[in-house]
Amino acid sequence: QGQLVESGGGLVQAGGSLTLSCAASGFIFSGHTMGWFRQAPGKEREFVGIISYSGADTNYADSVKGRFTISRDNAKNMMYLQMNSLKHEDTAIYSCAARSLRAYGSTRPEDFDPWGQGTQVTVSS
């Protein structure tokens with residue numbers, strides 16, 4: 001089974017920036033659209049953004065458009081989430097995931113597998 005491991009989370013001030021990394025292994029990383037999701041305490045997991053297998057196309061949730069940027073390096077089996085202008089509302093556990101090959105166009109968590117363990121991002125004021 002494939003594996004994903006996130007890193008780079010931490011504590012940042014509101015208005016600051018942070019970059020998360022997602023390392024993939026055990027599957028053909030370059031063949032999958034990849035996604036970032038987040039989950040705050042007491043809330044459901046929500047879509048953050050996705051990037052196509054080649055990195056040519058990205059889509060983002062309205063709440064993060066203009067502030068977050070997803071990129072990938074298929075030669076290194078890595079995906080990244082650059083977060084700028086962070087808000088307190090961005091505080092959550094951030095997870096990366098690979099989209100199923102049969103779930104074209106989906107941003108639903110249930111259409112993604114495998115998942116990473118998540119990394120905590122905390123934004124203070």
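## Terms and basis of the model

Helices (H or I, at least four residues) and strands (E, at least two) are DSSP runs, numbered from the N terminus. The model is a predicted one, in which local features need pLDDT of at least 70 and side-chain atom pairs count only at pLDDT 80 or more, while totals for chains, interfaces and linings use all residues. Residues are numbered from 1 along each chain as its sequence is written, and side-chain values use heavy atoms, with hydrogens and water left out.

The side chain of His32 reaches the backbone oxygen of Arg99 at 2.9 Å.

In the loop between strand S7 (68-73) and strand S8 (78-83) stands Asn77, whose phi is near 55 degrees, a positive value in a residue other than glycine; at 26% relative accessibility, Asn77 counts as partly exposed. Ser85, in the loop between S8 and strand S9 (92-99), also has a positive phi, near 50 degrees, and is likewise a residue other than glycine; its relative accessibility of 42% makes Ser85 partly exposed.

## Aromatic rings

The structure holds 5 aromatic pairs, where rings of Phe, Tyr and Trp (its six-membered ring) pair if their centres lie within 6.5 Å, and planes under 30 degrees apart count as stacked, over 60 as edge-to-face and the rest as tilted. The rings of Phe37 and Phe112 have centres 4.9 Å apart and planes at 75 degrees, so this pair is edge-to-face. Because Phe37 lies in strand S4 (residues 34-39) and Phe112 in strand S10 (residues 112-115), the pair ties together parts that are 75 residues apart in sequence. Both Phe37 and Phe112 are buried, and ring pairs link Phe37, Phe47, Phe112 and Trp115 into a cluster.

The charged end of Arg45 sits over the ring of Trp115, 4.3 Å from its centre, and Arg72 lies over the face of Phe29, at 4.3 Å from the ring centre.

## A cis peptide bond

Asp113 and Pro114 are joined by a cis peptide bond, with omega about 0 degrees. Pro114 is found in strand S10.

## The largest pocket

On a 1 Å grid over the protein atoms alone, a pocket is an open set of points where a 1.4 Å probe fits, with protein on both sides within 12 Å along at least five of seven lines, and lining residues have an atom within 4 Å of a point. The largest pocket has a volume of about 290 Å³, a volume being the space filled by probe spheres set on the points, which are joined across faces, edges and corners.

This pocket is lined by 16 residues, of which Thr33, Ser52, Arg99, Tyr104 and Gly105 lie nearest its centre. Strand S5 (46-51) and strand S6 (58-60) each supply at least two residues of the lining. The lining divides into 6 nonpolar, 8 polar and 2 charged residues, where Ala, Val, Leu, Ile, Met, Phe, Trp, Tyr, Cys and Pro count as nonpolar, Asp, Glu, Lys and Arg as charged, and the others, Gly among them, as polar.

Conventions: Buried < 20%, exposed > 50% of the residue type's maximum accessible area, 1.4 Å probe, protein only. Lys NZ or Arg CZ within 6 Å of the ring centre and 35° of its normal. Polar contact = N/O pair within 3.5 Å; in protein donor to acceptor, adjacent residues only side chain to side chain.
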